[in-house]
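Please look over the structure below.

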Amino acid sequence: MKSKVAYFGVFVALALIFSYVESLIPIQLGIPGVKLGLANLVIVIVLYKTNLKMALLLSITKAILSGFLFGNMFSILYSMAGGILSLVVMALLRRREGFSVIGISIAGGVFHNVGQLLMAMVAMETVRVMYYFPILLIAGVLTGFLIGVIAQEALKRLVFLQIK
């Protein structure tokens, strides 16, 4: 049990470090919500190396802490909506045959954006934000692919790490 808590602390720290690094990168595409999603790399790795429960707890913890540290209450809500939907989809796909880490990460990137769009529709009380969907779909595929490639390579090197 102690080792699970220690590993969880390391995962939270890594996710927050990646969130901070991402906040320093001056990439502004003029489209609200488009980010690289570096912290999601940790979520993908935790999903593969531990279990859904720890990945979910990490996703929620990351959303809350990074929101307080680098964002605001709205960023917490958007991150939570995107993160939870993304994680559920990735966990479901991981149970099925035929999906690689990269494919699962791409689905995670796309559904993270879907979750954020759904939260935006609720918060703004309009469906007009769906006009962003094609752009966010492309962004989700590209960032999901990049995170998936990095996660796949990291998982090859983390063969010693198995926490259940």
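Predicted model: local features only at pLDDT ≥ 70, side-chain atom pairs only at ≥ 80, totals over all residues.

Residues are numbered from 1 along each chain as its sequence is written, and side-chain values use heavy atoms, with hydrogens and water left out.

Side chains of opposite charge can pair when their charged atoms come close. The structure holds two salt bridges, a salt bridge being a side-chain nitrogen of Lys or Arg within 4 Å of a carboxyl oxygen of Asp or Glu. In one, Lys 156 pairs with Glu 153 at 3.1 Å, N to O. These two residues lie three apart in helix H6 (residues 133-157), so about one helical turn separates them. Helices are DSSP runs (H or I, at least four residues), numbered from the N terminus. Glu 153 also pairs with Arg 157, at 3.0 Å, N to O. Glu 153 is partly exposed, at 30% relative accessible area, whereas Arg 157 is exposed, at 57%; exposed means over 50%, buried under 20% and partly exposed in between (1.4 Å probe, protein chains only).

Helix H2 (residues 39-49) packs on H6 at an angle of about 45°, with the axes 9 Å apart. Axes are lines fitted to C-alpha atoms over the stretch in contact, and angles run from 0 to 180 degrees between N-to-C directions. Residues in the contact (heavy atoms within 4.5 Å) include Val 44 and Tyr 48 of H2 and Ile 147 and Ala 151 of H6.
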